[in-house]
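Visitor: I'm new here. Could you show me how to read the pockets and the core of a protein model?
Guide: Happy to. Let's look at it together.

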Amino acid sequence: MNERKIAYILLPAFLGIFLLGGAFTVAPKQADPGPDPITRKVDSVLALMTLEEKIGQMTLYTTDWGSTGPVIRPGYADDIRSGHCGALFNSHTAAFTRGLQRIAVEESRLKIPLLFGFDVVHGYKTMFPIPLGEAASWDMEACEKSAEVAAAEAASAGLNWTFAPMVDLTRDPRWGRVMEGAGEDPYLGSRIARAKVIGFQGTSFDKGDRVLACVKHFAGYGAPIGGRDYNTVDMSEREFREVYLPPYKAGVEAGAWTVMAAFNDLDGVPSTGNSWLMKDILRGEWNFPGFVVTDYTGINEMVSHGIVANQKEAGELAVLAGVDMDMQSAAYQDHLKQSVEEGKVPEARIDEAVRAILRTKFLLGLFDDPYKFCNEEREQQVLLSAENQAVARDVARKSIVLLRNEGVLPLAKEIKTLAVIGPLADDQNNLIGAWSGAGEGRHCVSLLSGIRNKLGKGVNIIYAKGCEIEGEDQSGFAAALAAAQKADAVVLAIGEHKDMSGEATSRATIRIPGQQEELARQLMATGKPVAVVLMNGRPLVMPWLAENAPALLECWWLGTQAGNAIADVLFGDYNPSGKLPISFPRLEGQIPIFYSHKNTGRPFDLNSKWTSKYVDIPNSPQFPFGYGLSYTSFRYGKPQVDKTVFRRGQDVTLTVTVENTGRRAGEEVVQFYLRDLVGSVTRPVQELKGFQKIMLKPGERREIQFTLTENDLAFYTRTMQWAAETGSFDLMVGGSSDDVQSVRVTMIE
Ligand code: NOJ
């Protein structure tokens, strides 16, 4: 059957409804414009569907990756044909998705096209930095752009739905999925959530180069007890609403069409069956118009959670709580019809879920052209294009954070001999990081290649691996030390294996594994200038390196262009501008550690035993939130406000002058924090309320302004009202959470 025929099949149904509607229109024109065109189309399709077909639309299955490409599991093609499956994930490539779509639109009774989902988390083929790394850029244009490129690549390969952005805030670097989010702060996390959703979805799906975004994992998944993935989450509603919910809300407000329920239970109720989350908050308070999908087998897992006795009850709990689509549990497929027939689930609830799903298919334009995302020619042109590589390199270098520099960096390009050492120096496979979609290590520029690309033939580059990432073997040390002895400078690449972070990879110790730190010590003992390049998916505990490395660059997993981007920074073609989106602890015992803590009744005082502190280490982190160095220096003037006393509803403008006092052009992230001194409940000592990333030439000064509104002062008060309370506030501005100047203002009624 012709690809377009689907439109003709549905047309009589649409026409019937339109004509009927027209004949009985008696109300004055402007009184009720009636349903929008998509709603009318959705209703017309729904009217044709059997209960089984409706449940089929609520069913999402995965396909697998075989040795030659994606493969479909036995039985799924029949499920598509019989209308028992409305969406697939992990199916990708234009050709493969086209084949499956053909089954849906040519062989099923109603010819409803499939959705194709995929974890396009930080790139599809062209890989961008892991999200935690990209968050370090504090560059919203970069965050949006990388999502736009990822969407365009994915959309060319048959996909129309990404399971991203992951906006789970976390304050626990043991949690493996810390790599997949934006770090510890609700404000920064919300800004990034917004940028990602806009980047993925754009303003229209017409051109077929954008995909549906999915804000996940709703909610609180980043706060598992002990940092152990999938573990229970339990916290006060105030903390949950003020700290953890804002990034999901920002994603929804930015227009995300889908939301994924989290695996965790929250205050005793698994998210997948939590009507407070999905009905009251998501739909009630935030007016979310799209559909909610579970996480992988999330419905079945409610049996293990101990909240239901079997899969049938699990499906009932989920659907009644507001879950519209079942990922991989098959609980809806196997039991929901019976639940409806028994009166346990009203068919109206099924209709509501199916409407939301069909709406996205119409929005994507799949009913007009089901193959719109399966274009082999476009796939060839778009994937890994030179243009996309340029974006990837730019975003990667913006994500690098300079943690220490004792005058070692930038290195001179005219250097005679450079030793490039370490298990990650000549590595490609790790650079893509966890959750790397269809990304392949072979497309990545290793650090060694990036350095070779950068330096002229005259530079002698000696490479030595030194050791493996893990294990006790030091047999490679001798060659590494010999290389260092011959060199004028050493670049040492060490860190984690990419699979040490990501899903189900929580670590109790977050050190640099194996013999890598020992290798660093011995190399530094040679007296050569050593620049340590860290590649990792989470904050690491590295007290010795943090205090002794001549230079320390946090390079995360930077993706396809990693090596070129790092070389740009090492040799000064790009002046590092990243700032940490999460605190790096001194030792694991400090976790959870975050800048936005409360003061307590006994705030830290080194000279008093009876204060809130550790007896063995300081309270402060090794590297704080917002911290990052540059090859130039910035001087902040004293912040000024336009009024120190203001009335409720009035804005306050804070002005600060920032000057580049060094000899290189550079970017600075000017950060704006608030402290509410007295509240009806205790308030954090600092909360980020704004930031601006600015570029200054050497000697250039700029006045930066931040506007504080009444809403910036609001929080969940003693009675759980979202409101600002009168009183005094410290407004702080600076280049890191631990390096600010403040000015006090007072709000009166
Ligand atoms: C499980 C993960 O938690 C989720 O983030 C992902 O989207 C799904 N698997 C599908 O791959």
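**Pockets and cores**

Guide: Helix 8 (186-201), helix 9 (237-244), helix 10 (246-253), strand 24 (687-696), helix 23 (710-713) and strand 26 (715-716) each give the lining of the largest pocket at least two residues. Bear in mind that this is a predicted model.

Visitor: How does anyone find a pocket, and what volume does the largest pocket have?
Guide: Rolling a probe the size of a water molecule over the atoms shows where empty space is left. Here, the largest pocket has a volume of about 1,000 Å³. It is lined by 36 residues, and Pro186, Glu242, Pro246, Lys689 and Trp722 are the closest to its centre.

Visitor: Which classes of residue make up the lining of the largest pocket?
Guide: Count 15 nonpolar, 5 polar and 16 charged residues.

Visitor: And what about the second largest pocket?
Guide: That one comes to about 810 Å³. Of its 27 lining residues, Phe594, Tyr595, His597, Asn619 and Ser620 lie closest to the centre. Its lining splits into 12 nonpolar, 10 polar and 5 charged residues.

Visitor: Now the core. Which residues touch the most other members of the largest nonpolar core?
Guide: A nonpolar core is built from buried residues joined through their side chains. In this model the largest one has 109 residues, with Trp161 and Phe218 touching the most other members. Helix 15 (residues 347-364) contributes the most, 8 residues. There is also a second, separate core of 84 residues, with Leu448, Leu545, Leu553 and Leu570 among them.

Visitor: What does Phe218 touch?
Guide: Leaving out residues up to four places away in sequence, its contacts include Leu245, Tyr248, Met260, Leu282 and Trp286.

Conventions. Residues numbered from 1 in each chain as written. Predicted model: local features only at pLDDT ≥ 70, side-chain atom pairs only at ≥ 80, totals over all residues. Heavy atoms only, no water. Core = buried A, V, L, I, M, F, W, Y, C linked by side-chain atoms within 4.5 Å. Buried < 20%, exposed > 50% of the residue type's maximum accessible area, 1.4 Å probe, protein only. Helix = DSSP H or I, 4+ residues; strand = E, 2+ residues; numbered from the N terminus. Contact = heavy atoms within 4.5 Å. 1 Å grid on protein atoms, 1.4 Å probe; cavity = no way out; pocket = protein on both sides within 12 Å on 5 of 7 lines; lining within 4 Å. Points joined across faces, edges and corners; volume = space filled by probe spheres on them. Nonpolar A, V, L, I, M, F, W, Y, C, P; charged D, E, K, R; others polar.
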